[in-house]
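Good morning. Please look at the structure on the screen while I go through a few of its features.

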Amino acid sequence: MKLYCLSSDASKPCFVLSFKELLIMLDCGLSAHSVLNFLPLPPVPSTRLASLPNYTPPHVNDPLLEGELKECCGRVFVDSIPEFCPPLDKVVDFSQLDVILISNYTCMMALPFITEETGFKGQVYATEPTLQIGRFYLEELSEWVSSCGSSSGAAKRWKELVHLLPPPLALAARPRAWRRLFSAAALARALSRVRVVGYDERVDIYGALDATAVSSGFCLGSANWVLRSAHEKVAYVSGSSTLTTHPRPINQAALRGADLLVLAALTQTPAHNPDHMLGDLCVHATVTLRAGGSVLCPVYPSGVLYDLLECLSAHLEGAGLAHVPLYVVSPVADSSLAYSNILAEWVSVGKQARVYLPEEPFPHAALVRAGRLKHARSLHDDAFSADFRQPCVVFCGHPSLRFGAAVHLVELWANNPAHAIIFTEPDFPYAEALAPFQPLSMKAFHCPIDTSLNYSQANKLVRELRPRELALPEQYAGGGARPHISADAPTVVVRRGAARSLSVRRRAARATLCGALAARATPRELRAGLRAAPLSAALRVRDARLELVAPPGPAPAPAPRLHWNALDVEALVRALTREGVTEARVEASADGCIVHLPRHDTLVHVERHATHVFCEGRADVRQALRRAIASCLPHI
């Protein structure tokens with residue numbers, strides 16, 4: 001068994017497991033940190049961004065580089081459509097992948113890069129919320145890029161001169177492997193490959209093993225995967241949480257006792273408590289609104305957004321600010337808010353109980369009916385523009401501040417210190433996200449909310465699950481004497497582009513017996529609970545299934561007898577006498593008896609579990625010994 005790592009971002013993992021002649025991809029996360037090196041794509045033309053001065057490295061006179069780089073407050077950015085860093089495509093041939101297992105919607109953004117135009121013929125499995133909310137994420141991102149892409153070119157020359165550029169561009173990892181976002185058609189084809197599974201549903205993977213999705217407690221529909229064969233068990237834990245939030249709680253029982261535990265997607269902000277951050281956000285928003293300013297929260301269209309709407313609306317109502325409107329601006333805002341209220345199967349018990357009252361599991365439907373929450377596809381919608389009033393709270397994307405409505409609102413409010421921007425998504429450093437908008441007068445707060453396992457919780461979980469072997473990305477191994485994640489079991493550390501052999505070995509396999517052979521066999525009881533019969537059979541392997549069938553050709557000869565049990569020494573002496581071998585002398589030894597035949601230069605050493613014959617005599621004596629011993633033993 002081998003494990004390949006194709007991603008450098010442990011929070012957006014992509015592994016490939018070689019298991020029973022199958023190539024199984026575990027998640028296909030898309031690293032978006034590369035977009036921070038590019039200028040934002042505003043939904044409306046920005047005079048400020050267009051007037052930024054060009055940058056040329058010292059002592060470089062290259063006309064092809066002209067206009068590709070811009071400088072803002074001492075930081076150099078690429079003036080082009082932002083590019084992403086997909087999983088490595090040279091380590092494993094994507095056309096040979098048999099199956100892709102997706103744990104949650106934050107770890108499927110690279111799916112079109114893997115399934116389209118690569119020869120991929122396998123199957124993709126995910127839960128229904130993962131598929132639908134992942135579709136929202138991908139469609140939103142695709143629409144933002146396609147709507148703004150025509151105004152920006154495709155800068156390429158800077159990648160040839162990256163070593164001459166100032167940091168952080170000079171430190172960019174493998175920029176030549178960065179790729180533009182996929183087309184809408186490629187996205188639709190990739191999503192059509194996904195087969196929906198439910199929690200605890202066993203999926204047969206080409207007859208070689210079963211894959212089961214179990215709740216991970218991180219977000220709606222998030223799953224950990226358990227792979228089982230007849231003799232091996234592999235558990236993949238990605239994006240899990242032991243906190244009490246709106247998803248169904250984590251199922252730990254299904255993960256215990258695995259031969260291999262692969263651990264990924266732990267918290268990106270281990271020093272920040274999610275509950276404290278949520279409280280700080282409510283306080284910062286309340287102070288800003290009371291001072292007459294508006295609040296911008298660059299968020300994804302799902303996930304933590306549901307908790308933010310629930311907690312912030314209740315906090316504002318308690319602070320006497322129930323009249324302040326809440327806006328959600330996204331191309332998929334309507335679909336995301338409506339879809340979340342029909343997912344009773346995937347939410348916690350408390351929210352499931354509300355469905356049977358009947359009430360919506362999330363309060364944002366009631367906020368919409370009361371007029372406190374409004375949503376729109378874009379800032380340009382006529383209904384939204386007519387109803388927009390300040391002060392307000394606006395939730396929109398993208399958290400990197402490189403796409404979407406958030407770019408325009410930061411440009412609009414940047415020079416007003418009364419307004420505030422609050423970062424809640426942990427995927428991007430907020431200072432780098434704001435770098436192309438400097439100098440900035442509006443207040444900025446960093447309240448990252450990441451409910452996935454922190455290092456302490458992960459260590460406790462590993463101890464409780466007791467795997468025989470642990471595999472994790474190098475980021476969690478720690479560079480010092482004390483690793484972030486430690487276990488009593490052997491630990492395998494994997495890094496991007498590497499393949500590591502694992503200690504799990506196939507020592508046995510399960511096969512079925514065809515009906516004809518089963519009818520022919522006549523088992524005999526060897527001991528209580530154990531019956532056996534000799535067989536002559538052919539092994540047939542088809543679709544990773546093993547079957548014992550009748551051998552081809554003429555009818556096989558009778559199977560040889562199989563003997564067992566301890567040897568009775570007195571019965572052996574009598575049998576030898578019948579065979580004409582006399583004068584046997586029996587001597588006791590420390591571990592059994594020795595039958596000495598001096599006339600024939602032969603010793604028979606009888607132990608409890610074995611019989612050893614030392615014979616220097618003639619062939620007829622050896623044959624007589626064989627018959628005598630066989631007559632004293634039961635056989636099948």
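This is a predicted model: local features need pLDDT of at least 70, side-chain atom pairs count only at pLDDT 80 or more; totals for chains, interfaces and linings use all residues.

Residues are numbered from 1 along each chain as its sequence is written, and side-chain values use heavy atoms, with hydrogens and water left out.

Seven strands make up an open sheet with mixed pairing, in the order 8-7-6-3-2-1-22. Strand 8 (194-197) and strand 22 (499-501) are the edge strands, each pairing on one side only. From one strand to the next, the twist averages 25°. On terms: strands here are DSSP runs of E of at least two residues, helices are runs of H or I of at least four residues, and both are numbered from the N terminus. Two strands pair if DSSP finds at least two bridges between them. The angles are between N-to-C directions of axes fitted to C-alpha atoms, and run from 0 to 180 degrees.

Within that sheet, strand 1 (residues 2-5) and strand 2 (residues 15-19) pair in the antiparallel sense over four bridges. Leu3 has Leu17 in strand 2 as its bridge partner.

Next, Asp98, in the loop between strand 5 (75-78) and strand 6 (99-101). Buried means under 20% relative accessible area, exposed over 50%, and partly exposed in between, with a 1.4 Å probe and protein chains only. A salt bridge is a side-chain nitrogen of Lys or Arg within 4 Å of a carboxyl oxygen of Asp or Glu.

Now the salt bridges, of which the structure holds 17. One of them joins the side chains of Asp62 and Arg157 (2.6 Å, N to O). This pair links distant parts of the chain, 95 residues apart: Asp62 is in the loop between helix 1 (47-50) and strand 4 (69-72), and Arg157 is in helix 4 (residues 157-160). Asp62 is buried at 14% relative accessibility, and Arg157 is partly exposed at 29%.

Another salt bridge is formed by Glu547 and Arg540 (2.7 Å, N to O).
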